[in-house]
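Thanks for coming. I will take a few minutes to go through one model, with the sequence and the structure on the screen.

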Amino acid sequence: MTDFTLHDQNSAPEKSKPLLENSQKAFGMIPGLHAVMADAPTVLDGYQKLHQLVLDSSFDNDETTVVWQTINVEHACHYCVPAHTGIAKSMKVSDDIINALRDETPLPSDKLEALRTFTLAVVRKRGEVNSEDLNAFYEAGYERSHVLEVILVLSQKVMSNYINHIAETPVDEPFQKFAWKKAK
């Protein structure tokens, strides 16, 4: 067990208090990840800014979910997979997409599958994708800007997935019903 603090408005460093207030307003609670990040106000601030940038990207809700969950599943994040399951449901992403991502089974469209395949290539090859990876992605209807946006989402997910692994962040109560473990 690690010794990271789950901060609230009373225990958080002064610079994190308004950031936790933003979390409370956005989610109706302070997510455990944010409570851990509050120990380093610049980390929480950066994460919140990245989250907004991801939401402002050109990806639609289905595509954003595919990139988020592909990375979460690949990184075996015990916290983010359940949290993003709940987020996907609130974004009206279909259960077919949600379950395929969680179970690592085929997605319901070739375009979304190409997005997952490319995202996995970026993660597994640490950005050193080849022309075949890029061409398959482009042939599915994506553009160079989407390549860059996959990296934006990956940047956000590296922060959350790695922090959750190290801090052993407990899954928030609303997402516990979406508990998940990576298949062997």
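In which loop does Arg-126 lie? Arg-126 is in the loop between α7 and α8. Helices here are DSSP runs of H or I with at least four residues, strands are runs of E with at least two, and numbering goes from the N terminus.

Before going on, a word on the source. This is a predicted model, in which local features need pLDDT of at least 70 and side-chain atom pairs count only at pLDDT 80 or more, while totals for chains, interfaces and linings use all residues. Residues are numbered from 1 along each chain as its sequence is written, and side-chain values use heavy atoms, with hydrogens and water left out.

Arg-126 has a phi near 50 degrees, which is positive although the residue is not glycine. Most residues other than glycine have a negative phi. Arg-126 is exposed, at 73% relative accessible area. For accessibility, buried means under 20% relative accessible area, exposed means over 50%, and partly exposed is in between, using a 1.4 Å probe and protein chains only. Ala-76 also has a positive phi near 50 degrees. Ala-76 sits in the loop between α4 and α5 and is partly exposed, at 32%.

Now helix α1, residues 17-27. Its buried residues are Leu-19, Leu-20 and Ser-23. They cover an arc of only 100 degrees around the axis, so they lie on the same side of α1; the arc is taken from the directions from the helix axis to the C-beta atoms. These buried residues pack against α2 (32-37) and α3 (41-55).

Next, the nonpolar cores. A nonpolar core is a set of buried Ala, Val, Leu, Ile, Met, Phe, Trp, Tyr and Cys residues joined through side-chain atoms within 4.5 Å. In soluble globular proteins, nonpolar side chains tend to be buried together. The largest core here has 26 residues, and those that touch the most other members are Val-66, Val-67, Ile-97, Leu-107, Leu-115, Phe-137 and Val-150. At least two residues each come from α4 (61-74), α5 (80-90), α6 (95-103), α7 (110-124) and α9 (144-167). The most come from α7, which gives five. Apart from this core lies another, of 15 residues, including Met-29, Ala-38, Cys-77 and Tyr-79.

A pair of rings is described by the distance of the centres and the angle of the planes. Rings of Phe, Tyr and Trp (its six-membered ring) pair if their centres lie within 6.5 Å; planes under 30 degrees apart are stacked, over 60 edge-to-face, and the rest tilted. The structure holds three such pairs. Phe-59 and Tyr-142 have centres 6.5 Å apart and planes at 70 degrees, so this pair is edge-to-face. Phe-59 is in the loop between α3 and α4 and Tyr-142 in the loop between α8 (131-139) and α9, so the pair ties together parts 83 residues apart in sequence. Phe-137 and Tyr-142 are stacked, at 4.6 Å centre to centre and 10 degrees between the planes. Both of these residues are buried. Phe-59, Phe-118, Phe-137 and Tyr-142 make up one aromatic cluster.

Tyr-142 has a charged neighbour too. The charged end of Lys-111 sits over the Tyr-142 ring, 4.7 Å from its centre; this calls for NZ of Lys or CZ of Arg within 6 Å of the ring centre and within 35 degrees of the ring normal. Glu-63, in α4, is buried at 10%. Beyond residues up to four places away in sequence, Glu-63 touches Ser-58, Lys-111, Leu-112, Leu-115 and Tyr-142.

Last, the cysteines. How many disulfides does a search of the whole structure find? It finds zero, a disulfide being a pair of cysteine sulfur atoms within 2.5 Å. For Cys-77 the nearest cysteine sulfur is that of Cys-80, 3.6 Å away. Cys-77 is buried at 0%, and Cys-80 is buried at 2%.

Definitions and conventions: Contact = heavy atoms within 4.5 Å.
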